Number of protein chains: 2
Amino acid sequence: MLSFVRNYSILPKTIKSLSKEVSSSTNHVQHVKGWIKSVRLLKNIAFIDLQDGTCTDALKVCIPIENSKETEYVRRLKTGQSVSITNAQCKMTPEREQSFELKISEPLKSISIIGNVTLDYPLQKKAHSLSFLRTQPTLKHRSSYLSSLMRFRSHLELSLFNFFQEHDFTKVSPPVLTSSDCEGAGELFKVQSSSRDNDSYFGKPTYLTVSTQLHLEIMAMALSRCYTLTPCFRAERSDTNRHLSEFWMLESEISFVDSVLELTRFVEEMLKNSIKSCYEQKNELLPIITPDNSLTREEILKRWESLLHKAWATISYTEAIGILKKQHAMVPFPNYEPKWGESLQTEHEKWLAGEHFESPVFVTDYPRDCKAFYMKANSEELPGNETVACFDLLVPEMGEIVGGSMREDNYDSLSREMARRKMNSSGELTWYLKLRSEGTIPHGGFGLGLERLASYLFGSHNIKDAIPFHRSASGSIEL
Amino acid sequence: MLSFVRNYSILPKTIKSLSKEVSSSTNHVQHVKGWIKSVRLLKNIAFIDLQDGTCTDALKVCIPIENSKETEYVRRLKTGQSVSITNAQCKMTPEREQSFELKISEPLKSISIIGNVTLDYPLQKKAHSLSFLRTQPTLKHRSSYLSSLMRFRSHLELSLFNFFQEHDFTKVSPPVLTSSDCEGAGELFKVQSSSRDNDSYFGKPTYLTVSTQLHLEIMAMALSRCYTLTPCFRAERSDTNRHLSEFWMLESEISFVDSVLELTRFVEEMLKNSIKSCYEQKNELLPIITPDNSLTREEILKRWESLLHKAWATISYTEAIGILKKQHAMVPFPNYEPKWGESLQTEHEKWLAGEHFESPVFVTDYPRDCKAFYMKANSEELPGNETVACFDLLVPEMGEIVGGSMREDNYDSLSREMARRKMNSSGELTWYLKLRSEGTIPHGGFGLGLERLASYLFGSHNIKDAIPFHRSASGSIEL
């Protein structure tokens with residue numbers, strides 16, 4: 001007897017759907033297609049591992065070999081070919097990792113090659129190194145590891161969206177083309193119409209967004225809670241394993257929150273919810289074999305468990321500097337001495353999260369001059385010691401993955417701070433300031449680098465692998 | 001007795017959550033915040049309609065007025081102010097549209113103004129016209145209609161994502177920065193680093209993507225099924241109510257499908273699934289009052305019902321031209337005579353879907369030279385009559401909202417077609433061609449303009465309202 005979990009009638013069956021549908025020991029499979037991951041030819045039997053990228057597991061196909069014609073035929077099968085398997089029997093194999101395999105009886109009739117590969121086809125049965133795979137941008141996602149990472153990222157995104165939806169957030173799409181540079185910080189990419197004069201398409205200089213926050217604040221003052229997942233762009237000069245010129249940022253703004261601790265609690269809850277959702281799907285999501293320099297399956301699971309079971313620490317920047325200074329006195333940091341008033345360096349961030357807390361840690365209330373103009377000032381502080389109500393979430397090995405703050409919602413305070421920083425000289429941010437004079441509200445928000453989060457949770461050490469085609473300072477743009 | 005549907009403890013209550021939680025006639029509400037939509041002051045009582053953008057319904061707050069001090073206090077309340085209401089009683093009103101209202105007893109204690117508005121605050125109690133709202137880009141989303149449209153779009157996106165996930169698709173993020181122009185068609189936006197010489201950031205000319213399809217095909221040959229929702233860019237010269245320079249495109253590629261009818265069936269199923277999901281949430285999603293030039297709530301519902309209850313027609317381009325010619329002979333189209341071999345014009349598309357079929361219609365198999373190079377040729381056709389295995393989905397009033405095709409998966413055929421079109425002269429598309437020599441497979445896909453779909457389903461007639469901050473040829477980029 002067959003039993004079907006879902007109705008897949010619109011499209012042909014995938015290997016993933018097959019695995020879910022199979023529930024008995026005698027199941028006829030009329031049709032399945034995929035790419036050959038490996039072939040093993042023994043004396044009287046051959047095995048194909050077939051993959052189609054919809055799940056981690058490959059589908060094992062057993063082929064009895066009865067004569068030399070069949071041997072010859074199977075010899076033509078190679079890694080990378082696309083093939084169609086028809087008329088197979090499903091055999092349950094509860095004792096093995098894969099719970100079932102297919103068996104065909106007439107290889108010449110049941111296996112047909114759809115698309116061949118060239119003699120140069122670079123992927124082989126063995127697991128390739130990431131540095132090799134990165135040289136194969138059109139083929140690398142056919143490797144088990146990188147296809148798992150893509151499926152993982154997809155799952156992660158949807159789990160985040162669901163969490164927002166459950167909390168009455170609206171998903172919005174703020175513009176990528178903008179005339180403002182948000183934080184006044186990063187290196188910008190400038191945009192021109194290829195067929196018109198400079199700057200004339202929109203009538204003024206146009207840039208690619210570095211953060212959608214300012215626009216999101218408009219939306220949060222209408223919808224209370226909003227979020228977006230949008231590509232953001234920074235013409236970075238640094239090209240490290242934590243930097244991309246084009247990356248996807250999950251940004252959110254929340255109205256009617258009063259303190260930075262409400263934001264950190266929300267972020268912790270949000271991330272733990274996603275990690276839990278990944279954990280529940282661990283068999284589907286995790287790769288079986290992982291390359292050097294990446295966490296193994298077991299290590300990833302341990303990372304997730306540890307993230308879920310601990311309450312994440314929260315300390316102020318001032319406390320963090322105290323801890324870092326003490327450490328620096330014992331074992332000096334290689335490049336930077338920790339000093340109150342200066343940004344935390346990556347080496348400080350990684351040490352704090354990775355070695356001191358061995359856990360993600362929220363660092364709050366940074367000095368005003370380390371952070372952007374829109375962050376809400378903490379009150380009652382001595383001149384020179386002013387801090388803002390903000391946080392960075394630091395995680396082991398990666399450093400910062402989320403940054404957020406309360407936004408200055410008082411017109412006069414924001415106006416003074418912009419003047420102090422000599423901003424808005426030509427009125428380009430007057431619209432932003434004026435939001436504070438029409439039904440202003442306490443609000444805050446955060447931005448999360450999706451590739452950094454995916455990389456960290458998946459235990460891969462280079463965020464360039466967490467996006468299908470990376471753009472970075474030293475990278476090519478051939479594709 | 002109170003009963004709570006969900007745990008909202010991480011963040012303060014929204015008006016949406018309040019509506020879901022209220023289930024008894026005596027419910028104490030400690031705290032709720034929002035913006036005043038309207039105030040009505042009568043002799044011994046006043047009413048506030050409070051909105052927070054999380055749902056269509058405003059929350060009615062009843063305020064008994066007992067003395068002149070309270071009258072004075074309530075007189076200070078104005079549309080647009082953000083306020084906090086504390087210590088209220090919930091009263092069930094099953095006889096009215098809103099099933100409950102709040103009642104406070106001491107207005108001076110229970111209502112506090114968080115943020116005032118200026119005397120110039122442009123939004124009033126009455127519904128504003130869309131043309132007026134478009135002049136208020138920082139405030140317009142506080143209107144009931146446009147906030148409903150934003151929530152609708154958000155719901156629509158998530159329903160599409162869920163459908164893809166249920167069908168074993170992986171959500172991927174192809175690049176926005178690219179060196180190719182995909183279809184060789186549109187006007188491109190060119191990108192430069194603001195701090196480096198022209199073209200030198202990535203070492204070659206860099207553009208904003210007009211379609212992610214070519215990159216998606218790489219992913220589909222690894223993951224079998226993938227989709228993305230990505231901003232796409234066209235430096236259009238035309239500025240109509242159907243065009244944006246920056247728009248979000250839902251694109252998908254599907255491996256192992258063999259015919260264009262599998263694609264149209266999938267698209268129809270996908271859209272009907274989303275419409276069904278919207279229909280189930282109609283009370284939450286639909287605006288109560290709609291502006292002139294937009295469908296009313298009842299008309300929107302009728303549109304959805306009609307979309308769900310009909311099977312959508314499918315005709316070939318050649319059949320479409322036949323029908324159009326017949327019509328043209330009776331009532332000539334204002335601008336273009338329908339002719340085999342030429343693209344369907346918007347007036348033709350709108351007439352076919354809107355008047356002839358009164359339903360969405362898939363038009364398939366367009367002449368080869370009307371369409372892009374990568375579409376799969378139909379076989380056995382006479383020279384001059386060659387068509388490709390493609391489709392456009394036309395809907396009444398809007399015209400095309402989805403376009404898709406089978407992709408040419410044969411190396412030689414694709415190579416010949418590229419040569420015929422004098423493409424790939426400097427090898428820039430060799431990587432794309434070579435995909436056909438490494439495990440090629442029959443595959444196809446489509447692209448859907450999200451703003452067009454949202455507009456059409458929401459019955460709004462200008463896609464500029466379906467995106468929070470529109471970018472178009474004649475538009476400003478002030479924000």
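A short exchange on a predicted model follows.

Modeller: This is a predicted model; local features need pLDDT of at least 70, side-chain atom pairs count only at pLDDT 80 or more, and totals for chains, interfaces and linings use all residues. Residues are numbered from 1 along each chain, chains are lettered from A and ligands numbered from 1 in the order written, and side-chain values use heavy atoms, without hydrogens and water.

Colleague: How are α9(A) and α14(A) oriented to each other?

Modeller: Helix α9 (residues 297-309) and helix α14 (residues 450-458) of chain A have axes 8 Å apart. Helices are DSSP runs of H or I, at least four residues, numbered from the N terminus. Their angle is about 110°. The band from 65 to 115 degrees counts as roughly perpendicular, so α9(A) and α14(A) are roughly perpendicular.

Colleague: Which residues of α14(A) meet α9(A)?

Modeller: Contact means heavy atoms within 4.5 Å. From α9(A) come A:Ile300, A:Arg303, A:Trp304 and A:Leu307; from α14(A), A:Tyr456, A:Leu457 and A:Phe458.

Colleague: How many residues of α14 in chain B are buried?

Modeller: Buried means under 20% relative accessible area (1.4 Å probe, protein chains only). The buried residues include B:Glu451 and B:Arg452. The helix is largely enclosed by the rest of the structure, because the buried count is nine of the nine.

Colleague: Which side chain makes a polar contact with the side chain of A:Ser405?

Modeller: A:Ser405 lies in strand β16 (residues 399-407) of chain A. A:Ser405 is buried, at 0% relative accessible area. A polar contact pairs N or O atoms within 3.5 Å, one able to donate a hydrogen and the other to accept it. At 2.8 Å, the partner is A:Arg407.

Note on methods: Axes are lines fitted to C-alpha atoms, for helices over the stretch in contact, and angles run from 0 to 180 degrees between N-to-C directions. Helices (H or I, at least four residues) and strands (E, at least two) are DSSP runs, numbered from the N terminus. Angles under 35 degrees count as roughly parallel, over 145 as roughly antiparallel, 65 to 115 as roughly perpendicular and the rest as oblique. Buried means under 20% relative accessible area, exposed over 50%, partly exposed in between (1.4 Å probe, protein chains only).
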